[in-house]
Amino acid sequence: MTFSSPEAVPSSSAVAARLESVRRRIVAACRASGRAAGAVTLIAVSKTQPPEAIEAALAAGQRIFGENRVQEAQGRWAGRRDHLPDLELRLIGPLQSNKAADAVALFDVIETLDRPKLADALAAAGARAGKPVRVLVQVNTGAEPQKAGVPPAGVAALIDHARSAGLMVEGLMCIPPAEEAPGPHFALLRKLARRHGLETLSMGMSGDFETAVRFGATHVRVGSSLFGERKGPETPSSD
């Protein structure tokens with residue numbers, strides 16, 4: 001990503017202040033919904049962000065980050081992992097099967113499992129690395145052809161396939177259509193998760209994470225509210 005001016009790079013104090021604001025809003029949303037203050041985990045969406053923004057978030061205590069692309073994330077995090085034992089990286093963008101080994105090596109959780117072929121590739125990569133592979137199934141709740149994710153009707157079969165392959169299926173993830181109210185999509189994801197005994201619900205972004213908390217989100221993916229708006233084109237993703 002190329003910033004148009006130095007002012008586009010957020011300062012350390014700005015990132016810290018935004019991070020504190022988002023954390024407070026999550027706690028308030030939890031309390032308003034009758035949930036425990038610590039029931040929701042914040043995933044800072046660090047894709048396309050400059051090193052200064054990442055360092056500011058780390059300095060403010062953030063340790064869970066979401067990335068969209070494997071190669072970009074490798075460049076950003078490979079040199080930091082050894083110094084941050086409590087760091088958790090989550091892949092929140094579409095994954096090609098031929099990148100499965102790299103993804104398994106770098107990420108703690110893959111949130112975008114959406115097809116059996118990818119499940120098989122991840123399982124094989126995990127077996128070679130001797131590493132359990134934790135995944136979420138991405139559900140295309142809006143049946144959008146341009147967006148990744150398994151249709152709601154295919155969730156059961158994909159979960160069964162992933163579990164039989166040896167993957168640790170922890171929950172579901174969704175990105176509602178931008179032009180629709182997110183609540184019904186979050187409700188559908190919660191219903192599907194309960195049906196399959198899954199506890200993790202990754203849903204909600206900068207514009208709707210408080211709504212997602214109300215519908216039971218356990219993880220919210222927040223980028224622009226922490227780091228500011230991004231420049232340049234982006235593929236549909238998680239903030």
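**Contacts, salt bridges and a cavity in a predicted model**

Leaving aside residues up to four places away in sequence, Thr200 touches Arg90, Leu136, Glu170, Gly171, Leu172, Thr218 and His219. The structure examined here is a predicted model. Thr200 belongs to strand β7, which covers residues 200–202. Its relative accessibility is 13%, so Thr200 counts as buried, the limit for this class being under 20%.

Glu170, one of the residues touched by Thr200, also takes part in a salt bridge with Arg134, in which the closest N and O atoms are 2.6 Å apart. This pair links distant parts of the chain, as Arg134 lies in strand β5 (residues 134–139) and Glu170 in strand β6 (residues 168–174), 36 residues apart. Arg134 is partly exposed at 26% relative accessible area, and Glu170 is partly exposed at 21%.

In total, 12 salt bridges were found in the whole structure. One of them joins the side chains of Glu20 and Arg24, with an N to O distance of 3.0 Å. These two residues are 4 residues apart in helix α1 (residues 12–32) and are therefore separated by about one helical turn. Glu20 is partly exposed, at 32%, whereas Arg24 is exposed, at 57%.

A salt bridge also connects Glu72 and Arg76, at 2.9 Å between the closest N and O atoms. Arg76 is buried, with a relative accessible area of 12%.

The structure contains 1 cavity of 30 Å³ or more. Arg134 is among the residues lining the largest cavity, including also Phe107, Asp108 and Lys131. The lining consists of 6 nonpolar, no polar and 3 charged residues.

Note on methods
Residues numbered from 1 in each chain as written. Predicted model: local features only at pLDDT ≥ 70, side-chain atom pairs only at ≥ 80, totals over all residues. Heavy atoms only, no water. 1 Å grid on protein atoms, 1.4 Å probe; cavity = no way out; pocket = protein on both sides within 12 Å on 5 of 7 lines; lining within 4 Å. Points joined across faces, edges and corners; volume = space filled by probe spheres on them. Nonpolar A, V, L, I, M, F, W, Y, C, P; charged D, E, K, R; others polar. Buried < 20%, exposed > 50% of the residue type's maximum accessible area, 1.4 Å probe, protein only. Contact = heavy atoms within 4.5 Å. Salt bridge = Lys/Arg side-chain N within 4 Å of Asp/Glu carboxyl O.
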